[in-house]
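Please keep the sequence and the three-dimensional view at hand while reading.

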Amino acid sequence: MTSLSKQKQFFGLVVWLVISFAASAIGAVASIQARSFYADLSQPTWAPPGSVFGPVWTTLYALMAIAAWLVWREGGFRKHRTALLLFLVQLAVNALWSWLFFAWHLGAYAFIDIIVLWFLIVATIVTFWRVQPWAGALLIPYVLWVSFAAFLNYTVWQLNPQILG
């Protein structure tokens, strides 16, 4: 553990929470009509109801922020630039998915995006784990959810070619 003061550690946690939830908000803007759009799509029987996504993503964004904070406090951004930049890139790719799927109705591009996202998350887990194993472990629920979401994205896209191109 680092020798950062408790105040600086708390401030760092707040910053990582703000960064993570800002990415969430960017995706949420694209998802304003998501509930009705999602409900109108043909879906597989195993698709969760739309009400599940908000609580799951809120939890995952909080875990992501804590993971990034754990890495950051082990030497800061300069020392762990690659790991933390990778984290920021995957956040941007994550936010883009909502725009591709919900705002622009581009199922194929959303699927490509989520596959790229999956690889970025795995790379982030590996780099975080090397710095602080708990940080990598905190991202495991995220990669599992995105794995499920990738299958759902693909299936919904295939069931709705007229809407999702």
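Aspartate 113 is buried, because its relative accessible area of 6% is under the 20% limit for that class. The model is a predicted one.

**Aspartate 113 and its surroundings**

- Aspartate 113 belongs to helix α6, which covers residues 107-131.
- Aspartate 113 and valine 93 are 20 residues apart in sequence, while their C-alpha atoms are 6.8 Å apart in space.

**Helices α5 and α6**

- Helix α5 covers residues 81-103.
- The axes of α5 and α6 come within 9 Å and cross at roughly 160 degrees. This crossing angle makes α5 roughly antiparallel to α6, because angles over 145 degrees are placed in that class.
- The handedness of the crossing between α5 and α6 is left-handed.

**The loop between α5 and α6**

- Histidine 105 is located in the loop that lies between α5 and α6.
- The phi angle of histidine 105 is near 55 degrees, which is a positive value in a residue other than glycine.
- Histidine 105 is partly exposed, and its relative accessible area is 30%. This class applies because the value falls between the limits of 20% for buried and 50% for exposed residues.

**A nonpolar surface patch**

- Leu96, Trp104, Leu106, Tyr109, Ile112 and Val116 make a nonpolar surface patch of about 570 Å².
- Which helix gives the largest share of the nonpolar patch? Helix α6 does, with three residues.
- Leucine 96, one of the patch residues, lies in helix α5.
- Leucine 96 has a relative accessible area of 36%, so this residue is partly exposed.

- Helix α1 spans residues 6-30, helix α3 spans residues 53-72, and helix α8 spans residues 140-159.
- Helices α3 and α8 pack at an angle of about 140 degrees, and their axes are 10 Å apart. At this angle, α3 is oblique to α8.
- The crossing of α3 and α8 is left-handed.
- Helices α1 and α3 pack at an angle of about 140 degrees, with 8 Å between their axes. These two helices are therefore oblique to each other.
- Is the crossing of α1 and α3 left-handed or right-handed? Helix α1 passes α3 in a right-handed crossing.

**Residues separated along the chain**

- Serine 20 is part of helix α1. With a relative accessible area of 0%, serine 20 is buried.
- Serine 20 and leucine 100 are 80 residues apart in sequence, and the distance between their C-alpha atoms is 19 Å.
- Tyrosine 38 has its place in helix α2, which covers residues 34-40. Its relative accessibility is 10%, so tyrosine 38 counts as buried.
- Tyrosine 38 and tryptophan 104 are 66 residues apart along the chain, and 13 Å separates their C-alpha atoms. Tryptophan 104 is also one of the residues that make the nonpolar surface patch.

Conventions. Residues are numbered from 1 along each chain as its sequence is written. This is a predicted model: local features need pLDDT of at least 70, side-chain atom pairs count only at pLDDT 80 or more; totals for chains, interfaces and linings use all residues. Side-chain values use heavy atoms; hydrogens and water are left out. Patches are made of residues with over 30% relative accessible area and no salt bridge: like charges are joined within 9 Å, nonpolar side chains (Val, Leu, Ile, Met, Phe, Trp, Tyr) within 5 Å. Accessible areas come from the Shrake-Rupley method with a 1.4 Å probe; for residues, only the protein chains shown count as cover. A salt bridge is a side-chain nitrogen of Lys or Arg within 4 Å of a carboxyl oxygen of Asp or Glu. Helices (H or I, at least four residues) and strands (E, at least two) are DSSP runs, numbered from the N terminus. Buried means under 20% relative accessible area, exposed over 50%, partly exposed in between (1.4 Å probe, protein chains only). Axes are lines fitted to C-alpha atoms, for helices over the stretch in contact, and angles run from 0 to 180 degrees between N-to-C directions. Angles under 35 degrees count as roughly parallel, over 145 as roughly antiparallel, 65 to 115 as roughly perpendicular and the rest as oblique. A crossing is left-handed if the near helix is turned anticlockwise from the far one by less than a right angle, and right-handed if clockwise.
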